[in-house]
Amino acid sequence: MSGHGGGRGWYGRVIAAAVGVTAVAAAASVWVAQAGPVEDGAGKKARTPAVKPVSVEIAHASDAGAHGVNITVDDGPDPTWTPQMLEILKENGVKATFCMTGVQAEAHPDLVKAVVAAGHRLCDHSVSHDTTMDKKPESYQKKEILDAEQMIIKASGGVRPLYYRAPGGAFTPYSRGLAASHGMRPLGWNVDSKDFERPGTAAIVATVEREVANGPTILFHDAGGDRSQTAAALREVLPWLKQQGYTFGFPVR
């Protein structure tokens with residue numbers, strides 16, 4: 001499920017198996033802030049705030065300000081690589097945005113909950129990571145986006161994705177509008193680390209260091225293949241960004 005091809009310009013281009021009660025309680029504020037429709041003990045849907053539409057414009061800026069950066073991680077969650085990413089982020093005190101596919105979220109709900117419990121944000125990355133979605137009928141786009149949204153909410157225990165990132169940057173006006181109407185800001189990227197190509201840890205690090213001046217949102221992956229190079233690169237990139245005076249935030253909403 002990797003493969004963010006070139007030519008998209010600026011918008012295309014260890015933890016336990018179950019989350020303990022303590023970890024979830026510590027992240028209660030995150031769960032409340034992002035909560036979606038959940039069921040009470042009787043199986044009835046509890047009342048939740050209405051979803052507020054957000055901008056249809058593709059987000060790139062950071063809420064951390066002019067010298068902020070956004071770490072985004074795509075295609076997971078994955079039982080091998082997502083726990084490693086979470087540990088590295090924790091070690092560096094960094095929060096990230098995880099763009100999950102519906103298929104992976106459904107398969108690994110414990111990891112979706114772990115991501116939320118650690119204070120990270122969720123992003124809808126479609127059901128199946130179809131990079132040709134912009135060539136497909138609106139009915140297909142709708143199903144991919146909204147089914148993934150519900151799969152992520154269910155897997156997380158009621159936490160809504162706050163963003164929608166089209167696979168490979170394959171946005172359309174329709175998909176952006178649909179996502180925004182569901183409170184999911186379309187999310188682009190400025191720096192494509194090219195980690196999905198597995199060019200070597202040094203090459204991934206060099207790409208980020210060279211291109212971070214292009215904008216704050218950096219793209220990595222935690223699924224779709226062997227991500228050991230990504231993990232190793234993150235261990236180098238995060239401290240380097242701090243040394244350069246960058247702070248870490250989330251994409252604007």
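Me: Is Gly-157 buried, exposed or partly exposed?
Reply: Start with the scale. Buried means under 20% relative accessible area, exposed means over 50%, and partly exposed lies in between (1.4 Å probe, protein chains only). Gly-157 has 41% relative accessibility, so Gly-157 counts as partly exposed. This is a predicted model: local features need pLDDT of at least 70, side-chain atom pairs count only at pLDDT 80 or more, and totals for chains, interfaces and linings use all residues. Residues are numbered from 1 along each chain as its sequence is written, and side-chain values use heavy atoms, with hydrogens and water left out.

Me: Where is Gly-157 found?
Reply: Elements come from DSSP runs, numbered from the N terminus: helices (H or I) have at least four residues, strands (E) at least two. Gly-157 is in the loop between α6 and β4 (163–164). Its C-alpha atom is 8.8 Å from that of Val-112, and the two residues are 45 apart along the chain.

Me: Which residues of helix α8 are buried?
Reply: In α8 (residues 201–211) they are Ile-204, Val-205, Thr-207 and Val-208. They cover an arc of only 160° around the axis, which puts them on the same side of α8. The arc is that of the directions from the helix axis to the C-beta atoms. The face turned away from the buried side carries the exposed residues Ala-202 and Arg-210.

Me: What do the buried residues of α8 pack against?
Reply: Look for contact, meaning heavy atoms within 4.5 Å. The partners are β6 (191–192), β7 (217–221) and α9 (228–243).

Me: How many residues has the largest nonpolar core?
Reply: In soluble globular proteins, nonpolar side chains tend to be buried together. A nonpolar core is a set of buried Ala, Val, Leu, Ile, Met, Phe, Trp, Tyr and Cys residues joined through side-chain atoms within 4.5 Å. The largest one here has 35 residues. Among those with the most contacts inside it are Ile-71, Phe-98 and Leu-241. Its largest share, seven residues, comes from α9. A second, separate core has 10 residues, including Leu-146 and Tyr-164.

Me: How many aromatic pairs does a search of the whole structure find?
Reply: A pair of aromatic rings is described by the distance of the centres and the angle of the planes. Rings of Phe, Tyr and Trp (its six-membered ring) pair if their centres lie within 6.5 Å; planes under 30 degrees apart count as stacked, over 60 as edge-to-face and the rest as tilted. The search finds one pair. The centres of Tyr-164 and Phe-171 are 5.8 Å apart and the planes are at 90°, so the pair is edge-to-face. Both residues are buried.
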